[in-house]
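The sequence and the structure come before the text.

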Amino acid sequence: MEHKLHGIMAEFDTPTQLVDAARRARDEGYVKTDAFSPFPLHEIDEALGIKRSILPYLIFAGGITGLVSGLGLTYFVHVIDWPIIVGGRPAFSLPAFIPPMFELTILFAAFVAVFGMLFLNGLPAPYHPVFNVPRFALATREKFFLIIESADPKYDYAETRRFMESLDAQEVFDVED
Amino acid sequence: MANPENYRAPAEINRWRTLALGVGGIASIIWAVGAYFNTEQALLSWLLGFIFWAGIGFGCIGVLLLQYLVGGAWGVVIRRILEAGTRTLPVIILLFIPLAIGIYTRSFFDWTHLPLTDHVMEQRGIYMTPWFWIVRAGIYFAIWGVMVYLLNKWSADQDLTTTTEQSRLVLEKASRFSGPTMVVYCLVVTFASVDWMLSLDAHWTSTIWGLLFAAGWALSCFCFVVAMLAVLSDKAPMDGVLGKRHFHDLGKLILALVMVWAYFNFSQFLIIWSGNIPEETGWILTRMKGGWGYIGVGLILFHFAFPFLVLLQQDFKRHSKWIAMLAIFILAIRLVDMFYLIGPSNRIVTDGLEQGAFRISWLDFVGPVAVGGIWLWWFFGELLKRPLVPARDPYFEGAIEHGRGH
């Protein structure tokens with residue numbers, strides 16, 4: 001093993017084994033880990049020690065930006081740039097401004113939610129080393145995978161590989177970079 | 001399958017029951033004294049209490065139908081509390097009697113003493129007569145009664161089933177019933193809320209009125225249920241059933257309904273504001289003046305903005321005591337909202353006040369307490385009658401598991 005590896009991957013048959021393995025990897029002190037499963041596992045976040053995403057706060061900020069933009073847009077159009085008297089109402093008529101403000105709040109929050117999610121997930125990713133393991137294709141069907149990346153500060157090829165083999169894994173793979 | 005007998009309500013509820021009856025009884029006596037001196041005001045205050053507390057009961061019917069329709073763990077764990085809420089229908093009918101007598105003898109609804117030559121009275125004819133108003137109320141109670149009877153009967157049948165297949169059949173029957181019945185429920189809510197609340201002002205109409213009440217009563221119901229769950233979650237048997245995630249789910253539903261309430265109210269306001277027709281704007285103008293104006297702003301802040309921002313936070317929704325406190329706060333604001341709808345329509349001009357001027361009577365505090373005490377007494381009694389969870393429901397174990405999940 002002279003060339004650089006992306007990490008070491010273990011394959012499991014059941015979600016319970018994966019969660020147990022993830023928990024042991026975390027207890028061992030590994031932080032650059034990831035788990036793959038054909039369906040969502042609620043316990044895995046806790047097992048891997050994954051922190052909560054900052055995405056909700058970004059979405060809230062996006063919503064506030066939308067709200068202010070909506071007010072800015074309607075105010076600029078109706079009060080500053082082109083005031084027209086409609087139904088005898090003052091140029092600044094907040095009730096009429098609320099629907100655009102509301103819509104822009106939703107729009108901005110939704111944009112931040114979608115694009116923020118993609119960005120934080122590192123998507124789109126045209127290439128990912130995990131697919132170098134042929135059996136990894138089964139992650140979308142019936143197998144469960146755990147990976148410890150070589151970028152992990154505690155990573156040491158021989159020791160990490162020994163640790164992975166000590167888990168209840170079907171098989172342990174080296175993942176080419 | 002789990003044994004329903006292991007999930008009997010804790011005996012302490014008996015104490016709450018006595019307390020509720022005591023408070024309700026004393027308040028009713030005080031109310032009766034008040035009614036002797038100022039009957040119209042007493043009836044309006046009774047209506048305030050009735051529409052608030054009976055609204056929780058009606059909301060329980062709607063939410064019970066909803067949870068059969070959409071499924072989910074939250075519905076399984078609150079089903080028996082909802083059912084106890086729906087079985088308060090007899091006492092709701094009892095609490096309606098003062099209003100039925102009042103409509104005949106007193107003029108707390110303005111249309112009962114409008115001249116028959118009045119434009120709307122001419123158009124509406126027999127629809128706006130006290131006897132037909134009472135007959136209609138009887139029809140609403142009868143339709144709701146059929147729903148309450150069937151849903152409770154099936155749920156009791158489910159407790160007697162011994163296999164998952166039998167239990168699933170009962171659940172499927174209830175689910176199939178709930179779809180079309182939900183439509184009927186919303187129609188009845190529309191007619192009832194128009195009769196009992198909108199017609200306080202015979203010259204004003206709103207087509208979103210029924211939806212405001214369907215959503216508002218569902219909100220009241222969820223807040224009431226969350227408060228009940230938080231109290232029960234410390235004690236056997238519910239301490240073994242409820243988890244953080246149940247409160248999280250219910251918190252999301254409260255958040256959604258808080259938004260729906262604001263959305264419907266704003267829709268109503270915006271359309272009337274845009275139209276700017278004198279017949280329509282009067283109702284809102286009265287509510288923007290003086291003391292009513294402050295209540296209106298207060299409702300925007302505390303019926304929408306404050307609960308909305310608080311409920312956006314995940315941790316808040318997962319903490320049973322916090323979410324319960326917010327639920328009780330929203331219930332209190334719901335009562336203020338009902339007061340805001342009834343108060344300005346008050347047509348009694350006995351003390352030299354201008355029509356629609358801000359006024360609050362001491363009876364407005366007594367009425368809701370009197371109705372609430374009696375309603376809660378009945379509710380606790382119903383809660384004691386059956387196990388607190390549908391233990392033989394095919395999804396019961398899954399629902400407990402869901403609550404413990406991350």
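## Strand S3 of chain A

S3(A) is largely enclosed by the rest of the structure, because six of its six residues are buried. A residue is buried if 20 or more other C-beta atoms lie within 10 Å of its own, exposed if 12 or fewer, and partly exposed in between, with C-beta atoms placed from the backbone. A:Phe144, A:Leu146 and A:Ile148 point one way from the strand, and A:Phe145, A:Ile147 and A:Glu149 point the other way.

This is a predicted model, in which local features need pLDDT of at least 70 and side-chain atom pairs count only at pLDDT 80 or more, while totals for chains, interfaces and linings use all residues. Residues are numbered from 1 along each chain as its sequence is written, and chains are lettered from A and ligands numbered from 1 in the order in which they are written.

## The sheet and its helices

S3(A) belongs to an open sheet of four strands in the order S2-S3-S1-S4, with antiparallel pairing. Strands (E, at least two residues) and helices (H or I, at least four residues) are DSSP runs numbered from the N terminus; two strands pair if DSSP finds at least two bridges between them. At the edges are strand S2 (33-36) and strand S4 (171-176) of chain A, each pairing on one side only. Direction ignored, neighbouring strands are turned by 20 degrees against each other on average. Axes are lines fitted to C-alpha atoms, for helices over the stretch in contact, and angles run from 0 to 180 degrees between N-to-C directions.

Strand S1 (residues 5-12) of chain A is joined to strand S3 (residues 144-149) by six bridges. Across this pairing, A:Phe12 stands opposite A:Phe144, and A:Ala10 has A:Leu146 as its bridge partner. Four bridges link S2(A) and S3(A), and A:Phe36 stands opposite A:Phe145 in S3(A). Helix H1 (residues 15-28) of chain A packs on the sheet and touches S1, S2 and S3, its direction making about 15 degrees with that of S3(A). Helix H5 (residues 157-166) of chain A also packs on the sheet. H5 touches S1, S3 and S4 of chain A, at about 10 degrees to the direction of S1(A). Contact means that the C-beta atoms of two residues, placed from the backbone, lie within 7 Å.

## Nonpolar cores

The largest nonpolar core has 114 residues. Such a core is a set of buried Ala, Val, Leu, Ile, Met, Phe, Trp, Tyr and Cys residues joined through C-beta atoms within 7 Å. B:Phe50, B:Leu219 and B:Val226 are among those with the most contacts inside the largest core. Helix H2 (residues 39-70) of chain B gives the most to this core, with 19 residues. Leaving out residues up to four places away in sequence, B:Val226 touches B:Leu250, B:Ile254, B:Ile323, B:Ala324 and B:Ala327.

A second, separate core of 26 residues includes A:Ala47, A:Phe136, A:Ile147 and A:Ile148.

## Backbone exceptions

Most residues other than glycine have a negative phi, and most peptide bonds are trans. A cis bond joins A:Leu123 and A:Pro124, with omega about -5 degrees; A:Pro124 lies in the loop between helix H4 (94-120) and S3 of chain A. The bond from B:Ala236 to B:Pro237 is also cis, with omega near 0 degrees.

B:Asn276 has a positive phi, near 55 degrees. B:Asn276 counts as exposed because it has 11 C-beta neighbours inside 10 Å.
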